[in-house]
Amino acid sequence: MPSREQSYGLIVLNKEGDAVFSAGLGNSAEVVENIRQEVNKDKRQISGIQAGSTQCIATVAPIAEGLTAAFIQESSSASTLIDFLAAVDIAPDILNHLLTNAFDGMTVTDNEGRIVYLSPVHEKFFGLARGEATGRHVTEVIENTRLHIVARTGKPEIGQMQKMLSSNRIVSRLPIHSGGKVVGAIGRIMFKGPEQLLAMSSEIASLRNEVEFYKREASFLRNRTYGIEDIIGDSKAIRQLKSDMTKVASLDIPLLIIGESGTGKELVAQALHRLSLRRDKQMIMVNAGALPESLVESELFGYEPGAFTGAKKKGRKGKFEAAHDSSLFLDEIGEMPLDMQVKLLRVLQDGSFERVGGDEPKQSDFRLIAATNRDLTSMIDTEQFRLDLYYRISGVTLRVPPLRERLEDIPILVQHFIRSFSNRQRTPVMRVNPSVYRYMQSRPWPGNVRQLQHEVERALIFSEGEELEVDDFRPSEIFSNEYSANRQPTQTKHGEALKDTLERVELEKISDAMARHNDNKKRVSEELGVSRSYLYKRLRELQSP
């Protein structure tokens, strides 16, 4: 067995296979014979051989015409790389594949960031001749690289995004250690081929744009605090509304917000909640006009497990429970069925209720903020709304003025909508031709502020200039039924009241829009500039005999 001092050896063989020189482990006849057999094998450069009972690694290579040299090393002294080379028959082929693979790039630097090896695929990628990068600092060859930093700090960087020659790549940078010190760094990039790289870069760019879009939308939603400062306008009517809101917001009494569709009743409700003593908890919102009659009770009261077919196994908390210690915004309360009005009245009297399918009384302390675009007093006269419920919900009534009563706010509103749209879509803030304001102030705006916002944003989308013009608003597409519900009926020359004529035109427009959009109510409400609850109400009138 070789001694510990004799851990290495060298043998030089001639073309006949005779040893013309030997040293160390190479003096063993057994080693010489094993090397001679390895030389006779095709494409074998590194092998494991025996020296008595000792496993050795032999690296065989031609050194001159007719001469072959073999360097021998004890396996116990070999590195992991040598162990791999000895154990795997195709190890040299694997290494050659890793270094020359057309779909895999590799860069090696010393501890000062100088390139000591750049794989052929990288040389081709950067337009370099063979070996041209060797000896140069890595920052001179590869843009946005951090390989020299890894070589200096010894801290690996795995799966990092790096932009090179206008393309995005995923890279790994690893320090190389020897003798407890960092002696260099190795960087690798995964190439997928020209077509796949193009597709990957395109997909990454698309995903980045999508992420940025959702970041902006999320930021926009997070910042929708609906404070009183978000009620845009400086008209006398708006100043009076804000003054009334600040007086009643902190009072723990029911509030009723009245106003036409699209005036911003929800915005007022949110601002009232933010000014109230219950602002630390999220306001719970319910649109009574959008709830199917069969679901109103379960949505408000909640239900116990198995209360009805399709009920969740664990049951569900209703809006009353969710609003405990907070505010409950009940929008379109005028659309609530009479039987539910009775049940709501009982809850408002003592805060007690039971879940659907349950018999255990529950309590909820919430502040009710109700809203409607209906004339509740007329509904009371026709027994469509309960008088006792009206008194319960209208501790204080706030009226949100329609846009036609505050036309002087239109320039401020337009500028606000432009800035908001530009911020969300990351587009330049467009200038507005003064004629736009005059034009818009001449319109009655039956859809109120909501319709105004819709028309401004649509004009911004289709405008082709740097300044918003009247022509960008496409007047023919604006909801043609621009009338005030509060105007007194005027008789036409044929005896038909103007209001009746306009209502008939409105129903015809709704019918036509429903046909064009295949009964898609969302698109119809957007086109006509009305709320969906108002659209549902008008559709019921269309269906009634």
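A: Contacts here mean heavy atoms within 4.5 Å. Beyond its neighbours within four places in sequence, Ile 393 is in contact with Pro 254, Leu 255, Leu 256, Ile 333, Leu 348, Leu 368, Leu 376 and Phe 385. The model is predicted, so local features need pLDDT of at least 70 and side-chain atom pairs pLDDT 80 or more, while totals for chains, interfaces and linings use all residues. Residues are numbered from 1 along each chain as its sequence is written, and side-chain values use heavy atoms, without hydrogens or water.

Ile 393 belongs to the largest nonpolar core, which has 28 residues; together with Phe 320, Ile 393 touches the most other members. Such a core joins buried Ala, Val, Leu, Ile, Met, Phe, Trp, Tyr and Cys through side-chain atoms within 4.5 Å. Buried is under 20% relative accessible area, exposed over 50% and partly exposed in between (1.4 Å probe, protein chains only). Two or more residues of this core come from each of the strands E12 (284-287), E15 (327-331) and E18 (367-372), and from each of the helices H10 (293-301), H12 (338-350), H13 (376-381) and H14 (387-393). Helix H12 contributes the most, 5 residues. The elements are DSSP runs numbered from the N terminus: helices (H or I) of at least four residues, strands (E) of at least two. Another core lies apart from this one; it has 22 residues, including Ile 232, Ile 410, Trp 445 and Val 456.

Leu 344 counts as buried because its relative accessibility is 1%. Outside the four neighbouring places in sequence, Leu 344 is in contact with Phe 320, Leu 330, Ile 333, Met 336 and Leu 389. Between Leu 344 and Glu 297, 47 residues apart along the chain, the C-alpha separation is 9.5 Å.

Phe 320 also takes part in an aromatic cluster, in which ring pairs link it with Phe 301, Phe 353 and Phe 366. Rings of Phe, Tyr and Trp (six-membered ring) pair if their centres are within 6.5 Å; planes under 30 degrees apart are stacked, over 60 edge-to-face and the rest tilted. The structure has 7 aromatic pairs. One of them joins Phe 125 and Phe 126 edge-to-face, with 5.1 Å between centres and 80° between planes. Phe 126 is buried because its relative accessible area is 15%, whereas Phe 125 is partly exposed because its value is 23%.

Helix H9 (265-275) has buried Lys 265, Val 268, Ala 269, Gln 270, Ala 271, Leu 272 and His 273. The cover over the buried residues of H9 includes helix H8 (236-248) and strands E11 (255-258), E12, E15, E18 and E19 (396-399).

Charged side chains come next. A salt bridge places a side-chain nitrogen of Lys or Arg within 4 Å of a carboxyl oxygen of Asp or Glu, and by that rule there are 20. Arg 374 and Glu 335 form one, at 3.0 Å from N to O. This pair links distant parts of the chain, 39 residues apart: Arg 374 is in the loop between E18 and H13, and Glu 335 in the loop between E15 and H12. Glu 335 is classed as buried because its relative accessible area is 17%. In a further salt bridge, Glu 260 meets Arg 404 at 2.4 Å, N to O. That pair spans 144 residues, from the loop between E11 and H9, which holds Glu 260, to the loop between E19 and helix H15 (410-425), which holds Arg 404. Both Glu 260 and Arg 404 are buried.

A contrasting group is Asp 110, Glu 112 and Arg 114, linked in a network of salt bridges. In the bridge between Arg 114 and Glu 112, the closest N and O atoms are 2.2 Å apart. Arg 114 is partly exposed because its relative accessible area is 36%; Glu 112 is partly exposed because its value is 47%.
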